[in-house]
Every structure is written in structure tokens, then in C-alpha cells.
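These are my notebook entries on a single structure, kept in the order in which I looked things up.

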Amino acid sequence: MGLMGVKDSPWMATGEVPAQPLERDEKSRIIYGVVDPLWDIDTLPLTYTNSRWFAFIYEADEKDLKKVLPEPLKLEDNVVEFWYVDHNNTRLGPYLEMGVTVAASYQGYKGGYYPYMYLSQDAATDAGRVLGFPKKMAFIRCLEHGGKWDDGYEKPGNDFFSFMLARNGYVIHTATGKYSGNSFQDLPRLPIFYGKTDWGRFNMKVVTSGDLRETEWQLTYLPSEWEGKHRFQLKMDSIRTAKAEDINWFCQGTPFDNLGAMVPVKKLIGLVSFSFDLIIPPAQVLWTKKYERNDAEIAQCLHETMYKYGMRHRFPKPYGV
């Protein structure tokens with residue numbers, strides 16, 4: 001038996017080392033890390049079982065929401081889903097996730113758009129970015145406590161909740177509170193896409209060539225149904241809710257993440273939590289836009305704009321320096 005109790009990998013028993021991803025099939029060629037990729041494209045479609053969703057619902061100012069919607073999306077609702085999720089049984093391993101969903105549309109397609117996503121695990125972050133999701137690594141905490149023990153399969157009985165999102169040493173969001181209901185009807189408003197089978201999910205993927213000469217924007221779309229079934233299977237008996245007055249809320253912008261400053265709360269509505277199963281297949285590309293740079297523009301990117309824009313940070317000195 002090896003270190004930490006790991007006996008072997010399936011291929012070690014036969015001595016047959018698997019071929020590199022590039023040699024196995026064409027679709028694997030979009031995954032980098034030729035010898036040791038973070039994840040394998042052959043795991044698509046991704047499947048999730050008994051994940052736990054926690055969605056804070058609030059009204060935002062439309063002018064703020066329009067700032068985080070890229071071309072060519074159109075805003076459809078001012079109610080935001082500000083969510084956490086605890087994924088236990090997935091084809092990428094267990095991980096925690098946080099994100100924001102804004103209702104949008106494009107030429108008859110309707111869906112929630114994700115301007116922000118944070119994850120606690122590397123393989124899921126990388127897999128999401130391949131499909132267009134704007135995922136970044138962060139520290140995330142999702143807790144339900146104060147009630148009966150819950151194994152993720154029975155009806156939750158916990159009374160209290162606690163969440164936190166932190167990145168690069170800064171707390172971006174934290175919320176605590178107490179559940180007070182178990183029905184969607186407990187809250188006065190919900191996001192427009194809740195319960196709608198014709199609303200999918202949008203992402204904007206940006207791909208830049210290594211020499212910086214070309215950038216392509218790709219609006220991707222995941223429909224709500226796949227192979228005749230709804231991709232998202234909600235377990236109705238697992239629903240728990242909390243009203244605005246039951247929630248202690250804190251959210252801020254940081255030197256590294258502008259989430260708290262870009263989509264602040266105008267009116268907090270409440271929290272909805274539930275368990276679910278999910279399938280994520282490859283995404284459709286609905287719209288593309290290419291931008292080509294000449295030598296002068298590349299030189300400007302590399303030299304003339306240093307320290308001008310917000311993604312170049314002045315880092316504080318390390319402690320003790």
C-alpha cells in the first residue's frame with residue numbers, strides 16, 4: 001500500500017499506461033496539460049447527484065446589471081440569484097461553488113447569464129472555463145446546522161445557515177441566518193427563470209491567441225433540456241427558505257474582485273435552498289465576434305497601458321517586510 005493509503009490506479013495493475021489525451025480522440029484536443037490534464041473531456045456530460053443549492057434572492061438596480069451584461073445580451077429582469085452550492089457527488093470530485101445569475105436574452109434565446117463564479121477546486125474550475133463559465137478559485141464555506149443530522153438524501157432539518165466567500169485574503173461576501181419556511185411561496189419574488197423549462201444558461205467565453213493578434217468572443221448557451229429531459233432535477237421536499245429579516249448580510253468589492261461593487265443589493269428578498277441532480281453537456285455557440293490587433297495595438301497592450309487599468313494591482317507588502 002502506498003502513501004496515504006492509495007493502493008494503485010486502475011492502469012497500474014496491468015502495466016498499461018493510457019495514451020495521452022491528444023492521442024485518444026479529437027475532442028480531447030481542447031484540453032491543455034497534455035501529459036497530466038486537470039480533467040478529461042471524456043467525462044462530458046458532467047453529472048451531479050444530491051447537490052445542495054443556496055440562492056439569495058435580491059432586487060438590483062437595472063443600470064448596475066446592464067454593466068455586467070456583455071454584448072449582445074439584453075436584460076430581462078432586475079431580480080438577481082446570488083447563490084452558493086455544495087457539490088458532493090460529481091465526475092470532477094467534490095467542491096463548493098458561488099456565483100451570480102442575471103436574467104437575459106438574445107434573439108429568442110432566454111437564460112440566466114453568469115457574470116461571476118467562484119470555486120474551491122481546480123479541476124471543476126478548469127472544466128467550467130473550457131465550456132465558457134467565468135470560474136475562479138476561492139475559499140468558500142457552506143454550512144447548515146442546528147437541527148437533525150443530514151446525509152444529503154433525507155429532508156433537511158437544520159435550522160441555521162452560514163456562508164462565506166473569500167479570495168486573496170479578502171472576504172467578498174458572508175451571510176448568516178435562520179430558516180423560517182419550506183416553500184417558494186414564502187418569498188414575494190423569485191428570479192424570472194425559476195421553474196421555466198424554456199430558460200437555459202448563457203456564458204461569454206473569450207479566447208485570445210498566444211501572439212495576442214486575435215481575440216474571439218463566444219456567447220455560449222446551455223438549454224434547460226438535454227436528450228428530452230430537464231437537466232436540473234429539483235427535489236421539492238428538500239426546500240427551505242428564509243425571509244430578508246432572517247438574514248445577516250455583508251458584501252464588498254476588493255482590490256482583486258469587484259463583485260460587491262458591481263451588483264450591490266437594492267432590496268434583499270430572501271434565501272431559497274434545495275437539493276438537486278444536474279447534467280451539464282457541451283454548450284452551443286450562438287454568437288461570435290473577432291477582434292484583430294495590429295503591431296501598434298499589441299505594443300500598446302504590452303507597454304503603453306501599464307498601470308492604467310484596474311487589473312494591474314498595487315500589492316501590499318507581505319507581513320513583516
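**Entry 1: a side-chain contact.** I looked up E59 and found that its side chain makes a polar contact of 3.1 Å with the side chain of R189. I note that the model is predicted. E59 belongs to strand β1. Is E59 buried or exposed? I recorded a relative accessible area of 15% for E59, and E59 therefore counts as buried, the limit being under 20%.

**Entry 2: an open sheet.** I next traced an open sheet of four strands, in the order β8-β9-β10-β16, and found its pairing to be antiparallel. Which strands stand at the edges? They are β8 (139–145) and β16 (247–251); each has a single partner strand, so one side of each lacks a neighbour in the sheet.

Entry 3: I then looked up the bridge partner of F163 in β10 and found A175.

**Entry 4: the largest cavity.** How many cavities of 30 Å³ or more are there? I counted one. For the largest cavity I recorded a volume of about 40 Å³. Its lining includes L46, Y48, L92 and Y95, and A124, A127, G128 and L131 are also among the lining residues. F133, K135 and I280 line the largest cavity as well. I asked which element gives the most to this lining, and it is α3, with four residues. Both β1 and α3 (122–131) supply at least two residues each. By class, I listed nine nonpolar residues, one polar and one charged in the lining of the largest cavity.

**Entry 5: the second largest pocket.** I recorded about 650 Å³ of space in the second largest pocket. Its lining comprises 31 residues, and those nearest its centre are W53, R201, H230, F232 and L278. Which elements give two or more residues to this lining? I found β1 (46–59), β3 (79–87), β5 (95–106), β6 (109–119), β11 (199–208), β15 (232–243) and β17 (267–280). Sorted by class, the lining of the second largest pocket holds 20 nonpolar, five polar and six charged residues.

**Entry 6: cross-reference.** I noted β1 as a contributor to the lining of the largest cavity and to that of the second largest pocket.

Technical notes
Residues are numbered from 1 along each chain as its sequence is written. This is a predicted model: local features need pLDDT of at least 70, side-chain atom pairs count only at pLDDT 80 or more; totals for chains, interfaces and linings use all residues. Side-chain values use heavy atoms; hydrogens and water are left out. Two strands pair if DSSP finds at least two bridges between them. On a 1 Å grid over the protein atoms alone, a cavity is a set of points where a 1.4 Å probe fits but cannot get out, and a pocket is an open set with protein on both sides within 12 Å along at least five of seven lines; lining residues have an atom within 4 Å of a point. Grid points are joined across faces, edges and corners, and a volume is the space filled by probe spheres set on the points. Ala, Val, Leu, Ile, Met, Phe, Trp, Tyr, Cys and Pro count as nonpolar, Asp, Glu, Lys and Arg as charged, and the others, Gly among them, as polar. Buried means under 20% relative accessible area, exposed over 50%, partly exposed in between (1.4 Å probe, protein chains only). A polar contact is a pair of N or O atoms within 3.5 Å; within protein, one must be able to donate a hydrogen and the other to accept it, and residues adjacent in sequence count only if both atoms are side-chain atoms.
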